[in-house]
Structure formats: C-alpha cells, structure tokens
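Let's take a walk through a protein model together, starting with single residues and working up to the groups they form. Keep the picture open while you read.

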Amino acid sequence: MILLKFLGAALVVLAGAAAGWQKAARARRRAEALRQLEQLLARVQGEICYRATPLGDLLEQLKAEQAFPLLELGRCTSLRRLELPAVLTLAERQALQGFFDSLGQATGEESARQGAYYQKRCAELLEEAQRQAHTAEELYTKLGLCAGALLALLLL
C-alpha cells in the first residue's frame, strides 16, 4: 500500500514537471515562430524589391522550400491571406499582420519601407519572446516540479 502511495506521489511530481516543460516548450515555439516570421519578412521584402517576383510565384517558391514549418505556408492560398501562427500572442499577430494585408497594394519602394518597418518590429517582438522563453525555461519547469511535489505531499 505504501509503495502505491509513493508511486502515485512520484507520478504527480512527474506530471507537474511535464506541465512545466510543456509550458516552456510553448514559449520556445513562440520565439521560433517569430524567428521564422522575421526571415519570411526579409525574404518577401527582398523578392519584391530586388526581383519583382509576383506574389503567387513567391508563395509557391516558399512552399516548395519548406523553410518555415511553423508558419504553415502549405495551407496558405495567398500571401495577403497568410494566417499568422496561433502560438503568437494576439498583440503580436495584430502588430505584424498589416504587412501581409498590404502586399501588392503599394509600389516597390513603399513595400520596401513597410517591409523594413515590419522586420524591425518583428525583431523587437522576437527579442522579447526569447527573453520570455529563457525565463519560462527556468521558471515553469521548477514551478511544475514544486507544484507536483506539494500536491504529492498533500496526498500522502
């Protein structure tokens, strides 16, 4: 009977740790999605400004490369309708969606200015997300472990 209690307590502690790891992994995915988005913005801006690549052709190139897995370009029918990943916060999606909404509606020069702005904004958001991911890595794992241990003690 005591062995079962200790086994149950160990499982509760591990479940708490797993919850912490999962929360930290979500923070890492968010930072990675922003990194991929920053690269995508740079790529789209360069293709529009320097090569004048049509948006449809550009989307097909990006899909073929599969370089941005967290952005799910395979589901995208148009760069103007790109749905930013749900792992990003609402504020991050709103801050960056304007670039894609305005694609094809401005001259190359205006698109270059807009692209530079959105790239800079994305870099700022990425920096903050990386800081939060580092904090989450340290905090959530320990918090989950402690919460699991506390619950296990209460159950014993």
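Is Glu 47 buried or exposed? This is a predicted model, so everything here is computed from its atoms. With a relative accessible area of 7%, Glu 47 is buried, because buried means under 20%.

**Salt bridges**

Glu 47 also has a partner. Glu 47 and Arg 43 form a salt bridge, and their closest N and O atoms are 3.4 Å apart. You'll find both of them in helix 1, four residues apart, which is about one turn of the helix. Arg 43 has a relative accessibility of 24%, so Arg 43 counts as partly exposed.

In general, side chains of opposite charge can pair when their charged atoms come close. How many salt bridges turn up in a search of the whole structure? The search finds eleven of them.

Now look at Glu 137, which makes a salt bridge with Arg 28; here the closest N and O atoms are 2.4 Å apart. Glu 137 sits in helix 4 and Arg 28 in helix 1, so this pair ties together parts that are 109 residues apart in sequence. Glu 137 is partly exposed at 37% relative accessibility, and Arg 28 is partly exposed at 39%.

Helix 4 holds another pair. The side chains of Glu 124 and Arg 121 meet in a salt bridge, at 3.3 Å from N to O. Glu 124 and Arg 121 are three residues apart in helix 4, so about one helical turn separates them. Glu 124 counts as partly exposed, with 40% relative accessibility, and Arg 121 counts as partly exposed too, with 28%. Elsewhere, salt bridges with shared partners join Arg 43, Glu 47, Arg 51 and Glu 65 into one network.

| Salt bridge | N to O distance |
|---|---|
| Glu 137 and Arg 28 | 2.4 Å |
| Glu 47 and Arg 43 | 3.4 Å |
| Glu 124 and Arg 121 | 3.3 Å |

**The nonpolar core**

The largest nonpolar core has 29 residues, and the ones with the most contacts inside it are Leu 34, Leu 37, Leu 40, Val 44, Leu 62, Leu 96 and Phe 100. Which of them gives the largest share? That would be helix 1, with eight residues.

Zoom in on Leu 96 and see what's around it. Setting aside residues up to four places away in sequence, Leu 96 touches Leu 34, Leu 37, Leu 84, Tyr 118, Arg 121, Cys 122 and Leu 125.

The structure holds three aromatic pairs. In one of them, the rings of Phe 99 and Phe 100 have their centres 5.3 Å apart and their planes at 85°, so the pair is edge-to-face. Phe 99 and Phe 100 are both buried. Ring pairs also link Phe 99, Phe 100, Tyr 117 and Tyr 118 into a cluster.

Let's finish with a few residues of helix 1. One stop is Leu 11, which lies in this helix. Is Leu 11 buried or exposed? Leu 11 is exposed, because its relative accessible area is 53% and the cut-off for exposed is over 50%. Leu 11 also belongs to a nonpolar surface patch of about 430 Å², made by Leu 4, Leu 7, Leu 11 and Leu 14.

Another stop is Arg 26, also in helix 1. Arg 26 and Leu 11 are 15 residues apart along the chain, and their C-alpha atoms are separated by 22 Å. Arg 26 counts as partly exposed at 40% relative accessibility. Not counting residues up to four places away in sequence, Arg 26 touches Ala 86 and Val 87.

The last stop is Gln 36, found in helix 1 as well. Gln 36 counts as buried, at 4% relative accessibility. What is Gln 36 in contact with, leaving aside its neighbours within four places in sequence? Its contacts are Phe 68, Pro 69, Leu 70 and Leu 71.

Technical notes
Residues are numbered from 1 along each chain as its sequence is written. This is a predicted model: local features need pLDDT of at least 70, side-chain atom pairs count only at pLDDT 80 or more; totals for chains, interfaces and linings use all residues. Side-chain values use heavy atoms; hydrogens and water are left out. A nonpolar core is a set of buried Ala, Val, Leu, Ile, Met, Phe, Trp, Tyr and Cys residues joined through side-chain atoms within 4.5 Å. Buried means under 20% relative accessible area, exposed over 50%, partly exposed in between (1.4 Å probe, protein chains only). Helices (H or I, at least four residues) and strands (E, at least two) are DSSP runs, numbered from the N terminus. Contact means heavy atoms within 4.5 Å. Patches are made of residues with over 30% relative accessible area and no salt bridge: like charges are joined within 9 Å, nonpolar side chains (Val, Leu, Ile, Met, Phe, Trp, Tyr) within 5 Å. Accessible areas come from the Shrake-Rupley method with a 1.4 Å probe; for residues, only the protein chains shown count as cover. A salt bridge is a side-chain nitrogen of Lys or Arg within 4 Å of a carboxyl oxygen of Asp or Glu. Rings of Phe, Tyr and Trp (its six-membered ring) pair if their centres lie within 6.5 Å; planes under 30 degrees apart count as stacked, over 60 as edge-to-face and the rest as tilted.
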